[in-house]
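I opened this notebook page to record what I looked up in the model, taking the strands, the charged pairs and the ligand in turn.

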Amino acid sequence: MARAKIVYSCSECGHDQPKWAGRCPGCGAWGTLEETVREPAAPANPRFAGYAGYAGSAGEAGVIALKDVKAEEVARLSTTLGELDRVLGGGLVPGSAILIGGDPGIGKSTLLLQAMAKLSAGQRLLYVTGEESVQQIGLRGRRLSVDCGQVPVLAETSLDRMISAIESQRPEVAVIDSIQTVYTELLNSAPGSVSQVRECAARLVRLAKAQQITVFLVGHVTKEGAIAGPRVLEHMVDTVLYFEGEAGSRFRVIRAVKNRFGAVNELGVFAMTEGGLKEVKNPSAIFLTRQIAETPGSAVCVTREGSRPLLVEVQALVDDTSLANPRRVTVGMEHNRLAMLLAVLHRHGGVPLAGQDVFVNVVGGVRLAETAGDLAVVLAVLSSLRDRPLPRDWVSFGEVGLTGEVRPVPHGEERLHEAAKHGFKRAIVPHHNAPKGGVEGMEIVRVKTLQEALSAL
Ligand code: TYD
Ligand code: MG
């Protein structure tokens, strides 16, 4: 195999040269030359042979009609953590690379250690740690009573030694915790720099494909919310999961933002306990605060996260303002959306809010990413303004348009069933979202406009 070569290549125009310079001679941009490893053109190494695809080599020319592709369902390996399997699209796919991102201390290592502990009964594994010592991992396992005694752990940060360990151990599932600590001697830049992270991840992904290993890469999220710089890793791997949680909250949410083997925006929910992460099978129950009495300014809506409906509470507080520009503050929803809904409420509902500060909070750290929450936001605002609580067993969803119409949202029936399951008795929903047969145990109020919704109150 020809030796890999170091070149400096411009991130703007792709110009390559053997020496670093402050200014790219190709396009004239400043500070864009990055150290990169140039692989020899034809990989003579058999390690890279299977890189072309999952369905095996496609023959000499590499061209194949799609009908000839073996369309067998890939056999998936369950992690036995149902919520993790769900975000992965049904389990681990051999030869896939999964990136798990999240803030430090959120529980990435714990989650993977728990998954490894469960898998260690039947699978060959390797847990490579670059951040913690083997003792620290063992101690944490013991502290959280995770039965991880059988998990083979390697403390290593050198990419080459890591790869040779993987090649000799031949694990089916490998964890690299974290990719920011891995370095290759081919590059002079420090571990965690964009070029190191990109090069090391690319080699590990290739290894995963070639040897049909499932590789988990743990990645830290930078302050800007990207994993190791400008999303360098996201396009290389098959699946990108983010592990999130509100500060101070016990609940942790894992979300698929990219998945070549399943749906995106799928959500798995865990609770953090002294005994490690526990799955939350019924997340609707935790996102609804269990209030004692009915309080003004609270409305429940049915949103969807990935493939499942989720009941969340929207809280609003409307208060007289002392400012010339009243405040519009949102947590868990888009700020501009609130401004728009307040304008619609004013124009089409006749509710003036120009003299009021409006605060909106979505309980439990959930983000209302879809428009189905509009109606509940409007109702919560109105309830706070009038200081009149909505009945506890009411639920609503629907998009509010600029002309004051209430528009249907996808999967209306499913949302209603979820609400009925949690004991809600009355639903205010867009006209076209109400199923013909109704929903058992639930009175459905169909509305076409904001006016109708307000008069239903
Ligand atoms: P850790 O998994 O190390 O976070 P990350 O790898 O994302 O940086 O978790 C941080 C700490 O939280 C660790 O000391 C263990 C503790 N912890 C619990 O006590 N219970 C839990 O359920 C979890 C997930 C973590
Ligand atoms: Mg960690």
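I began with strand β1 (residues 5–10), which pairs with β3 in the antiparallel sense over six bridges; strands here are DSSP E runs of at least two residues, helices are H or I runs of at least four, and both are numbered from the N terminus. Two strands are taken as paired if DSSP finds at least two bridges between them. Within this pairing I noted that V7 stands opposite T36 in β3. The sheet is open and has three strands in the order β2-β1-β3, with antiparallel pairing. Because β2 (16–17) and β3 (33–38) each have a single partner strand, they stand at the edges, and one side of each is left without a neighbour in the sheet.

Before going further I wrote down the conventions: the model is predicted, so local features need pLDDT of at least 70 and side-chain atom pairs count only at pLDDT 80 or more, while totals for chains, interfaces and linings use all residues. Residues are numbered from 1 along each chain as its sequence is written, chains are lettered from A and ligands numbered from 1 in the order in which they are written, and side-chain values use heavy atoms, with hydrogens and water left out.

Next I turned to the charged pairs. I counted as a salt bridge any side-chain nitrogen of Lys or Arg within 4 Å of a carboxyl oxygen of Asp or Glu, and by this rule the count comes to 16 salt bridges.

I looked up D238 and found a salt bridge with R260, in which the closest N and O atoms are 2.9 Å apart. D238 lies in the loop between β8 (214–220) and β9 (239–244) and R260 in the loop between β10 (251–259) and β11 (267–273), so this pair ties together parts that are 22 residues apart in sequence. For burial I used relative accessible area, with buried under 20%, exposed over 50% and partly exposed in between (1.4 Å probe, protein chains only). D238 is buried at 0%, whereas R260 is partly exposed at 46%.

The side chains of D374 and R337 also meet in a salt bridge, at 2.6 Å from N to O. Because D374 lies in helix α8 (residues 374–386) and R337 in helix α7 (residues 335–349), the pair ties together parts that are 37 residues apart in sequence. D374 is buried, with a relative accessible area of 2%, and R337 is partly exposed at 21%.

Which residues come nearest to ligand 1? Of the 15 residues around it, counted when a heavy atom lies within 4 Å, the nearest are G105, K108, S109, T110 and R140. For polar contacts I took pairs of N or O atoms within 3.5 Å. A backbone N or O atom of G105 lies 2.7 Å from an oxygen atom of ligand 1, and a polar side-chain atom of S109 lies 2.5 Å from an oxygen atom of ligand 1. On the nitrogen side, a polar backbone atom of T273 is 2.9 Å from a nitrogen atom of ligand 1. The protein covers 80% of the 550 Å² of accessible area that ligand 1 has on its own, by the Shrake-Rupley method with a 1.4 Å probe. I finally noted that α2 gives the largest share of the shell around ligand 1, three residues.

Terms used:
A polar contact is a pair of N or O atoms within 3.5 Å; within protein, one must be able to donate a hydrogen and the other to accept it, and residues adjacent in sequence count only if both atoms are side-chain atoms.
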